[in-house]
Amino acid sequence: MDPDDEGEGRVLIEFRLLGQVEVWRDGGRVEVGGPKQRAVLTALLVRAGRVVSLDQLIDDLWPGVPPARAAATVQVFVSNLRRALEPDRPRGAPPRLLVTSTPGYVLHAEPGAIDAPEFVRLAEQGRLALDDDDHERAAELLARAAALWRGSALADVVDAPFAQAEAARLEELRLCCAEDRVEAELSLGRHTAVVAELEQRVGKHPMRERPRAQLMLALYRSGRQADALAVYRAGRRVLHDELGLEPGAPLQALEQAVLRHDPDLAWEPPEPVIRETVPSGSMPTSALIFEEPGEEPGRVLVVDDSGINRRLLVTALTELGHEVRAAENGRRALEMLRGSQDSDDGFDVVLLDLLMPVMDGYSTLAAIKADTRLNHLPVIMVSAVHELESVVRCIDLGATDYLPKPFSAAVLRARLRSSLTAKRLRDVERDYVRRVDEFVAGEPAGFDEQTARDDVVGRLARRFQQMTRDVTAREAALHEEIAALRAEIDRTRAGASPSGAPPGCRLAGTRGVDS
């Protein structure tokens, strides 16, 4: 299904700052005027979502003495930009993107529509993955962040002082992102592949010690010990000649490690994951293996009445590797869910918007949980409503999670992973019970009947005991959390210190993530 709602008339607008300042509307480049007008757009974009006063815009354009008609000129620029950004806006209709807000203006953009904040978000998530030793994902995220760059930041407006400061900040983040990605690549054993890139970076930024250390390590692991030491000596010479300094302690320690062939410098591939299986016995091994579910992508149904929201969610989920379909309201979602139960391509999880005009999220969630064919599906509620009472109501109705807007792709990935893992564990448990039932009913030949029955019953009893303990613990934790949330609501109603739903509110047994 096309995630767009053709009746909404919404378009995708992209703002690009990582290179020349550009605006793209539905795949076509928008002409945004001359240097001063582009500078106004840039000043609003680097402060997107915040009010920028008219005085601030005048200072941005004319940092010295502004012309006599500076305010009127800025107003003309804003009017021109509004026409360029929303050419189909009817005469007299209020603007949706570039809005007047005392004492100036604010530019509204969809999440991910401006490349600079998107780059920062991806770089931060890549750094977190690196800290978690998830080097493959870190390399992927950091490479995606780097791919957003088309040249020097704010290249065609960099003469303005405010743009110079922002460009310098972005360029520093770009270098840090590149260094983080190389660290991930080195951890994955790709030392030879990054040598040429590191040689260029060290030549361009000879004072930065981190890429120099990375180059030394990459050369050493590529069997080029002498070249690694030459890189150190060149860096020491530059620091001494330019600043009168010696290399930092980490770089000196690396030189000594290279000299003595320290075994800690050698790259070792990660250890393979060994999956345990139940020992073979009187029951066939294929019937007894209980495998933990993996992290493979799932089939996700997105339910949201907003076409732009559906499109953004479908794009984000597809980039995470999931197979995604979308429904514009609760009724259509129920039709799709029930239809999928009769085929082999059923859904694994539902992302359900809370506030919809046609069958809202509460009613849709209740209908899913009341249907015996669907009630096993995890449902993640998505909403801009942050009140605790709304969270508790969704939990009572059977929601797996409650995801407040706005949220990042990393938060979305973590929440989906948690819900998918829980569903797959339940699916594995049900399949285990089914296979045992089939085995017991089949009375396999070649076994002593009493011995086989005792063996199967013993194993089945142990498994069920563990399953019962797990379910009991999960239910107890969930009831405790619901009780705590209800108590919080009661305190708020009684006039105690009010508290909204925490931004990373999670159900029992899960790990909270701020959005």
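This report describes salt bridges in a predicted model.

Side chains of opposite charge can pair when their charged atoms come close. A search of the whole structure finds 32 salt bridges. Three of them are listed below.

| Pair | Closest N and O atoms |
|---|---|
| Arg 16 and Glu 22 | 3.9 Å |
| Asp 156 and Arg 38 | 2.8 Å |
| Arg 121 and Glu 118 | 2.5 Å |

**Arg 16 and Glu 22.** The closest N and O atoms of this pair are 3.9 Å apart, and a salt bridge counts when that distance is within 4 Å. Arg 16 is partly exposed, with a relative accessible area of 22%. Glu 22 is buried, at 9% relative accessible area.

**Asp 156 and Arg 38.** A salt bridge links Asp 156 to Arg 38. Asp 156 sits in the loop between helix 5 (135-147) and helix 6 (161-187), while Arg 38 belongs to helix 1 (residues 35-45), so the pair ties together parts that are 118 residues apart in sequence. Asp 156 has a relative accessible area of 27% and is partly exposed, whereas Arg 38 is buried, with 12%.

**Arg 121 and Glu 118.** Arg 121 and Glu 118 are both buried.

How values were computed
Residues numbered from 1 in each chain as written. Predicted model: local features only at pLDDT ≥ 70, side-chain atom pairs only at ≥ 80, totals over all residues. Heavy atoms only, no water. Salt bridge = Lys/Arg side-chain N within 4 Å of Asp/Glu carboxyl O. Buried < 20%, exposed > 50% of the residue type's maximum accessible area, 1.4 Å probe, protein only. Helix = DSSP H or I, 4+ residues; strand = E, 2+ residues; numbered from the N terminus.
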